[in-house]
Amino acid sequence: MIEFTMPALGSDMDEGTLNEWLVKPGDSITRGQVVAVVETTKAAVEVECWQEGTVAELLVPIGQTVQVGTPLARLVAPGDSVEQTPPPAVTTVAEPVTPTAPVEPILEPVAPVAPVPSPAPPFEHRRRWVSPAAHRLAASLGVDVDHVTGTGPQGAVTINDVEHAAAHIESARPEAPKPVVTPTASLSPKELAAKRGTEMRRSIAAAMSRSKREIPHYYLADEILMDPALDWLADRNAQRPITERVLPAVLQLKAVALAAQRFGEFSGFWRDETFESAPNVHVGVAISLRGGGLVAPAIHDVADRKVDELMADLTDLVARARTFSLRSSEMSDPTITVTNLGDQGVAAVFGVIYPPQVALVGFGKPAQRVVAIDGGIRIATTVHVTLAADHRASDGHRGALFLAAINELLQQPDLLER
């Protein structure tokens, strides 16, 4: 029997609320299939299962909050079944029998055996979608979404459905003293959003405090000439519609990933007092959320992807992060993180490492500066790049080589398109 547990969707996650099951007992699951939606302090995340099998039992009902590592479901491995799992055998040892005189048996009345109750059926599985926003509104209005008729696609419950249900309940309610409501249920949607933001900041604070407490950070900085990359990008974008143009941030992501392939001690995890180098470079992208907060989901296999593909991936990731529809692998897989505050006018950013990762690269705003090039002085566009690294996994010498590799790649942008 395989246990599918609540995953850790980031270093700042301790618990999650099950929003929806997308499978039911008897369903077959393939590797990487999305099986549930879990609400965290940062987003509603589609949770993938990375084991194959058949769903035997769903252990956690919708709406319940559980700790990371709690079993959510039990699966039967391919080729097995619940009936094929035999109970443990009981071994008995025969004792020697001593001959005795025959004893007349004593007959006693036997009480009737009560019928064994049949096991309770598992809780009902819902296949229809209830959006996280509808869930939150229903909680604030005291509406049970299981009794709301959905009018969205395939019976999905929308915000309007929740509002209509709440109005119907209110109109049908007889005159009576109002029940005592919990503080959460009495909050307006705006207050709930503020509460969510507070919880997110608390989670981020816990993760960053842990990072600075446990990780011996060291910092390096360099100034990179961006003219070659920007000129190369301008030539490409000139032949494309605006919606298909590539941003300089994509070239920076690709350069970081290729450099991390050369210097593996900056892409991986520090676990159990040792460094684990990651076989593939999955770059976490720091994304600010509307209303405050931050997430850093991953773009997978960045070093192996074309620039155009990365631009599409980045656009899609930002959009889904800001609508709270990320996947669990995107939250748990980053092997190194990149943060870019150039669009905020920041010259340089010195970040804090997301544990258990061991490095974070920051880019500031590209700006025209007076620089010395080939013995001459001219105005050129440069950007400040910084490295925050874990001294347990690397040292300053290797960090300097890593930043130099990023610089070298951005001076030869053709290498980024391989």
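Tutor: Of the 418 residues in the chain, 41% are buried, where buried means under 20% relative accessible area, exposed over 50%, and partly exposed in between (1.4 Å probe, protein chains only). The model is predicted: local features need pLDDT of at least 70, side-chain atom pairs count only at pLDDT 80 or more, and totals for chains, interfaces and linings use all residues. Residues are numbered from 1 along each chain as its sequence is written, and side-chain values use heavy atoms, with hydrogens and water left out.

The secondary structure comprises eight helices and 20 strands, which are DSSP runs numbered from the N terminus (helices H or I, at least four residues; strands E, at least two). Strand E19 spans residues 367-373 and includes Val 370; Arg 369 also lies in strand E19.

Arg 369 is buried but has no salt bridge, and the nearest side chain of opposite charge, Glu 223, is 4.1 Å away. A salt bridge requires a side-chain nitrogen of Lys or Arg within 4 Å of a carboxyl oxygen of Asp or Glu; Lys and Arg count as positive, Asp and Glu as negative, while His and the chain ends are not counted. The side chain of Arg 369 does make a polar contact of 2.7 Å with that of Thr 382 (a pair of N or O atoms within 3.5 Å; within protein, one must be able to donate a hydrogen and the other to accept it, and residues adjacent in sequence count only if both atoms are side-chain atoms).

Val 370 counts as exposed because its relative accessibility is 65%.
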